[in-house]
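Look at the chain below with its charges in mind.

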Amino acid sequence: MAKVPASQARDNLAELISRAAYGKERIILTRRGKQLAAVVPIEDLRRLEKLQDDMDLQEARHAL
């Protein structure tokens, strides 16, 4: 997984978006060496959201 300083990401945002969208690359944005955020393919985000929804549903069922 590539790590890119936020200052560099600001200058190369279009390239990072393309790398994530078309190259299916996950890119971590950092500031002073600390990981802050990530640029990920939309499929990864959808997968994560589905996992969260499934976990919420399980918790709701358990609470009942």
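Lys24 is partly exposed, with a relative accessible area of 47%. Here buried means under 20% relative accessible area, exposed means over 50%, and partly exposed lies in between (1.4 Å probe, protein chains only). This is a predicted model: local features need pLDDT of at least 70, side-chain atom pairs count only at pLDDT 80 or more, and totals for chains, interfaces and linings use all residues. Residues are numbered from 1 along each chain as its sequence is written, and side-chain values use heavy atoms, with hydrogens and water left out.

Lys24 sits in the loop between helix H2 (13-23) and strand S2 (27-31). Helices (H or I, at least four residues) and strands (E, at least two) are DSSP runs, numbered from the N terminus. The phi of Lys24 is near 55 degrees, a positive value in a residue other than glycine. Most residues other than glycine have a negative phi. Arg32 also has a phi near 55 degrees. Its place is the loop between S2 and strand S3 (34-39). Arg32 counts as exposed, at 81% relative accessibility.

What does the side chain of Lys24 meet in a salt bridge? The partner is Glu43, at 3.2 Å, N to O. Glu43 lies in helix H3 and Lys24 in the loop between H2 and S2, so the pair ties together parts that are 19 residues apart in sequence. Glu43 is partly exposed, with a relative accessible area of 35%. A salt bridge is a side-chain nitrogen of Lys or Arg within 4 Å of a carboxyl oxygen of Asp or Glu.

The structure holds six salt bridges. Two of them involve Arg19. With Glu15, the closest N and O atoms are 3.6 Å apart. Arg19 and Glu15 are four residues apart in helix H2, so about one helical turn separates them. With Glu25, the closest N and O atoms of the bridge are 2.7 Å apart. Shared partners join Glu15, Arg19 and Glu25 into one network. Arg19 is partly exposed at 26% relative accessibility. Glu15 is partly exposed too, at 43%, and so is Glu25, at 25%.

Patches are made of residues with over 30% relative accessible area and no salt bridge; like charges are joined within 9 Å, nonpolar side chains (Val, Leu, Ile, Met, Phe, Trp, Tyr) within 5 Å. Glu49, Asp53, Asp56 and Glu59 form a negative patch. Glu49 is in helix H3 (residues 42-63) and counts as partly exposed at 39% relative accessibility. Val40, Ile42, Leu45 and Leu48 form a nonpolar patch, with about 300 Å² of accessible area together. Val40 lies in the loop between S3 and H3. Its relative accessible area is 35%, so Val40 is partly exposed.

Val4, in strand S1 (residues 2-5), counts as buried at 6% relative accessibility. Val4 and Gln35 are 31 residues apart in sequence and 9.3 Å apart in space, C-alpha to C-alpha.

Finally, the whole chain. The protein has three helices and three strands, running β-α-α-β-β-α from the N terminus on. Its radius of gyration is 16 Å, whereas a compact globule of 64 residues would have one near 11 Å. That radius is taken over C-alpha atoms, and the globule rule is 2.2 Å times the number of residues to the power 0.38. The C-alpha atoms fill a box of roughly 50 × 25 × 15 Å, taken along the principal axes. Buried residues make up 20% of the 64 residues.

Definitions and conventions: Accessible areas come from the Shrake-Rupley method with a 1.4 Å probe; for residues, only the protein chains shown count as cover. Lys and Arg count as positive and Asp and Glu as negative; His and the chain ends are not counted. The place of a charge is taken as NZ of Lys, CZ of Arg, CG of Asp or CD of Glu.
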